[in-house]
Amino acid sequence: MGIIQHGDSSNSINNVNNIFNVTDNVSNAGNISNTSNTNAVSTMPPPGPVLREQDQYMPIANVIRIMRRILPPHAKISDEAKETVQECVSEFISFITGEANERCQSEQRKTVTAEDILYAMGKLGFDDYIEPLTVYLTRYRQSENERTSLRGDTFLKRGNAYGPMMIPPHGVAPFNEGFQEGMTDATSAAARAIMGGYNHGAHPGGAAGSSSQQAPFDDDLDPFVEFK
Amino acid sequence: MRQAGTYSGILSGGISGKTGPHLLPLARIKKIMKKSGEDVKMISGESPIVFSKACELFIKELTQRSWMVTMQGKRRTLNKEDVASAVMATDLFDFLVNLVSESGNSGEAPPPLELDTFTSS
């Protein structure tokens, strides 16, 4: 405590005097806390060449937002608790990814897929997460499906920053009209092939405005087989 | 603008039906995944998306369990020690034990609770 500034702290009489100098302590309190804050800031290690702290964690605002969804409205969260949860999330990601990657390597695959992650979750005890995640993933794939199948012409205007994306030839346009939400398995398979992770001889050249009605994919994934 | 129902909102909350905004930034997730090991080479496009939902579930579970400790202490502020206690009391969170104890937890945590009977919603 900054009260020690009064000098001989080992002298018990001084300490007693300090205790009774209530006004002084109070008026100094602001200064003291400011000083300690300043000290704290100056002793923080400067960011080094390693990943900056903010790069290794989820943004704290996002973490807090999720926490608040669970907590009652009157609940408060200490700053340290927020940071701890933030760190735990990164640890969680690393933990699961490590296991998922191990599986990949043991099967001689290079790409960590969503299935690997779900497997790792099961193996590491997060069984309860698997079902909601599977549902989430299925809905995501379906929505991607709709995007790519229904909007062949507008598809090119949309970007997907994640994973390799196959751009279907313009020939997909005739299949747009009246296509219902219930996707066929063939189309789903095609969508899966489009989306990341399945690097099996995808046809980069096939997108070059081929006017053929033939499927650009491998035979077993012919998406338009039902429409020929 | 589409209104998400209570349940479908939980499932699709953040996707907005497309690859739109998620609750957690995908690029950051990908970065953390890559950092988890030297030999993590390629990551499928769907992986960060699965993780964004998984992290949400994880944060919710950790928060719920921590809040139970807070309530036990008849407090309204969830603090770091509550998180540490929840970790100690939950087998599933064993991988976090070192993390919460090296955060400066003095080790004077309240007596361990039986939180494993808690079923997360």
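## Exercises on chains A and B

In strand β2 of chain B, L78(B) is the bridge partner of I77(A). Before you start: this is a predicted model, where local features need pLDDT of at least 70, side-chain atom pairs count only at pLDDT 80 or more, and totals for chains, interfaces and linings use all residues. Residues are numbered from 1 along each chain as its sequence is written, chains are lettered from A and ligands numbered from 1 in the order in which they are written, and side-chain values use heavy atoms, with hydrogens and water left out.

**Exercise 1.** Work out which strand of chain A joins β2(B), and how the two run.

*Solution.* Start from strand β1 of chain A, residues 76-77. Two bridges join β1(A) to β2(B), and the strands run parallel. Two strands pair if DSSP finds at least two bridges between them.

**Exercise 2.** List the elements of chain B in order.

*Solution.* Helices (H or I, at least four residues) and strands (E, at least two) are DSSP runs, numbered from the N terminus. Chain B has five helices and two strands. Going from the N terminus, you read α-α-β-α-β-α-α.

**Exercise 3.** Describe the interface: how much area do chain B and chain A bury between them?

*Solution.* Step one is the area. Buried area is the accessible area (1.4 Å probe) that two parts lose on being put together, summed over both. Here that comes to about 6,200 Å², 72% of it on carbon and sulfur atoms. On the chain B side, I32(B), E46(B) and F95(B) lose the most area to chain A, together 11% of what that side buries.

Step two is the residues. With contact meaning heavy atoms within 4.5 Å, 61 residues come from chain B and 70 residues from chain A.

Step three is the charges. A salt bridge is a side-chain nitrogen of Lys or Arg within 4 Å of a carboxyl oxygen of Asp or Glu. The two chains share two salt bridges; one of the salt bridges joins D55(A) and K31(B), at 3.8 Å from N to O.

**Exercise 4.** Find which residues of helix α6 of chain A are buried, and what covers them.

*Solution.* Buried means under 20% relative accessible area, exposed over 50%, partly exposed in between (1.4 Å probe, protein chains only). In α6(A), residues 114-123, the buried ones are A114(A), D116(A), I117(A), L118(A), A120(A) and M121(A). Their cover includes α5, β2 and α7 of chain A, together with α2 and α3 of chain B. After α6(A) comes G125(A), with a positive phi near 100 degrees.
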